[in-house]
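Biologist: I am new to this structure and would like to go through it slowly. Could we look at it together, one topic at a time?

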Amino acid sequence: LSLSLSLFAAVIRNYGNLLLELSGVVPDGIVAFFTSYQYMENIVASWYEQGILENVQRNKLIFIETQDAAETSMALEKYQEACENGRGAILLSVARGKVSEGIDFVHHFGRAVIMFGVPYVYTQSRILKARLEYLRDQFQIRENDFLTFDAMRHAAQCVGRVIRGKTDYGLMVFADKRYARADKRGKLPRWIQEHLSDSSLNLTIDEALQLARHFLRDMAQPFRREDQLGLSLLTLDQLQSEEMLKRIAQIAHQV
């Protein structure tokens, strides 16, 4: 038990150091997601005791999503104000909460998003147990497979809040070693998997910061519309698919 608690304390400290270092590198807004309100409260309390929050606030203002809708709306408003006026801010949120399911962080409102932990659903729910039983009996889907798929879907939903168009950009940080496993990574959407190369897995904080600086420096270069002419967001397989060829034929016929 003592070993488990000391490991958990080390994880919390590493999470705090990661947020602190990123707050000094990433411009404007950072959104961080936790797996539950209780988990977030415990970690934030530890960060406060360790002096991490005080150091983070030297770089950016901190706002926290709560279970109170009015408080969360006020926090979002102030967060956006801080991003607009150049002060920069961090929003601490919860996966499966209001922010993760209904709010987009376009452009400078979300230049980085961090997923702390894997957002597994609470498994003691009677409704969930009945659903798992149905999936097992009717479709032979194993409980672990469904729970992992559901967790990865929610993780993708959270981090996807910062990319809302082809001219938008942001860092996506999966701050949990489990995301590097093939069975977890393979359940993320393809558009995220394509950017999870072996060189971006199991990074130290220093290595992550180095990649972040390089990425943000590249993104800060002047963007010319002419540079994008002739480029496609579709893969060759997608372009050559039967459905796409039909659509191209229809467009050609209309012209």
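Modeller: Let us begin with F139, which is found in helix α6 (residues 126-139), helices being DSSP runs of H or I with at least four residues, numbered from the N terminus. The model is predicted, so local features need pLDDT of at least 70 and side-chain atom pairs pLDDT 80 or more, while totals for chains, interfaces and linings use all residues. Residues are numbered from 1 along each chain as its sequence is written, and side-chain values use heavy atoms, with hydrogens and water left out.

Biologist: Is F139 buried or exposed, or partly exposed?

Modeller: Buried means under 20% relative accessible area and exposed over 50%, with partly exposed in between (1.4 Å probe, protein chains only). The relative accessibility of F139 is 49%, and therefore F139 counts as partly exposed.

Biologist: How many residues of α12 are buried?

Modeller: Helix α12 covers residues 242-254, which makes 13 residues. This helix lies largely in the open, because the number of its residues that are buried is 1.

Biologist: How many salt bridges does the structure hold?

Modeller: Among them is the one between R142 and D145, at 3.2 Å from N to O, and R96, D150 and R153 are linked in a network. The number of salt bridges in the structure is 9.

Note on methods. Helices (H or I, at least four residues) and strands (E, at least two) are DSSP runs, numbered from the N terminus. The expected span of a helix is 1.5 Å times one less than its number of residues. A salt bridge is a side-chain nitrogen of Lys or Arg within 4 Å of a carboxyl oxygen of Asp or Glu.
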